[in-house]
Amino acid sequence: MRKVLIATEKPFAPVAVKKISKIFEKAGYELQLLERYTEKQELLDAVADVEAAIIRSDKFDEEVLNAGKKLKIVVRAGAGYDNVDLDAATANNIVVMNTPGQNANAVAELAIGLAIMGLREMYSGKPGGEMRGRTLGLHGFGYVARNVFRIARAMGMKVIVYTRYSKGAAAAIGLKVAKSLEDLYEKSDIVSIHVPARGEHIRSVSAEVLSHLKDGSILVNTARKEVINEPDLVKCMEEKPGIKYMSDLTPDSEAEFEEKFPGRFFFTPKKAGAQTAEANLNAGLAAAQQIVDFFEKGDNTHQVNK
Ligand code: 3PG
């Protein structure tokens, strides 16, 4: 009997776990659940005896992947797979997949929520602003950004995007493409970041780009903290006292934000963008089905270490 592990430091909603277990039950697989673990050793022990794993932001580094002696597939129930060491997986003949788009609406709604919270002065009662009529700049145009676009447009916002790879998709829906990242940051009242923590995107939001932000603008980050150059952001916020930073990721320099920028930032206590029952169901069920299809049909759609 094949064994599958769900390893989630931050668990799925119970309804998602229940439905995932039904998929594996039907396939005749045995499900092992490791939730809210606090020690890496618990993960190393759990992974030793399974052929497949479903994870979220759980770190599957070389040590964990090496410990998975029978492991053939790891599915990251979500979009970003920067938590998985792809080289170590490939070296161990382990297929890594993600579930693109499945939790995108949840993250998009949080991005909009953070933007509104910033505009409304953290709900402090201080006069704020409205989304309608403001310009929203989308940094990246993947599944999350497309959902943000849909919501923002319904709110009466002007939307522009900077994307290198999805210019056609943007143009097809009449979305204006900024000529550069600098151009996007300069024209936006709110910038929402939607690029992965990979390659050229790492620390791509640096002084060069940030210097183009208007004073009074809001930077929303529901992507990854690694895409921001934090010292550059701190410097930019020191120079322009109207800028706010709203993020689903707590920066390494949190203490500096607390000391220097009261009332100008908000960080969700735990990465919460994808933490809805709907997103857990969509991503969790997709991950489970991808595992079954991989074993039963050899389907490797969504493999990210091809
Ligand atoms: C993702 O990459 O899918 C999101 O950042 C959600 O991550 P999470 O599953 O850890 O909440």
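Which residues surround the ligand?

**View 1. The shell of residues around the ligand.** In this predicted model, the ligand is surrounded by K10, R56, S57, R76, G78, A79, G80, N103, R224, K271 and A274. By residue class, this shell comprises five charged, four polar and two nonpolar residues.

**View 2. Contacts of the ligand with the backbone of A79 and G80.** An oxygen atom of the ligand lies 2.6 Å from a backbone N or O atom of A79. For G80, a polar backbone atom is found 2.8 Å from an oxygen atom of the ligand. Both A79 and G80 belong to the group of residues that surround the ligand.

View 3. On its own, the ligand has 320 Å² of accessible area, of which the protein covers 95%.

**View 4. The pocket that holds the ligand.** The site of the ligand is the largest pocket. Among the residues surrounding the ligand are R224, K271 and A274.

**View 5. The protein chain as the setting of the site.** The protein chain contains twelve helices and twelve strands. Its radius of gyration is 20 Å, close to the 19 Å that the globule rule gives for 306 residues, so the chain is as compact as a globular protein of that length. Along the principal axes, the C-alpha atoms of the protein chain fill a box of roughly 60 × 45 × 35 Å.

Notes: Residues are numbered from 1 along each chain as its sequence is written. This is a predicted model: local features need pLDDT of at least 70, side-chain atom pairs count only at pLDDT 80 or more; totals for chains, interfaces and linings use all residues. Side-chain values use heavy atoms; hydrogens and water are left out. A residue is near a molecule or strand if one of its heavy atoms lies within 4 Å of it. A polar contact is a pair of N or O atoms within 3.5 Å; within protein, one must be able to donate a hydrogen and the other to accept it, and residues adjacent in sequence count only if both atoms are side-chain atoms. Accessible areas come from the Shrake-Rupley method with a 1.4 Å probe; for residues, only the protein chains shown count as cover. On a 1 Å grid over the protein atoms alone, a cavity is a set of points where a 1.4 Å probe fits but cannot get out, and a pocket is an open set with protein on both sides within 12 Å along at least five of seven lines; lining residues have an atom within 4 Å of a point. A molecule sits in a cavity or pocket if more than half of its atoms lie within 2 Å of its grid points. Ala, Val, Leu, Ile, Met, Phe, Trp, Tyr, Cys and Pro count as nonpolar, Asp, Glu, Lys and Arg as charged, and the others, Gly among them, as polar. Helices (H or I, at least four residues) and strands (E, at least two) are DSSP runs, numbered from the N terminus. The radius of gyration is taken over C-alpha atoms; the globule rule is 2.2 Å times the number of residues to the power 0.38.
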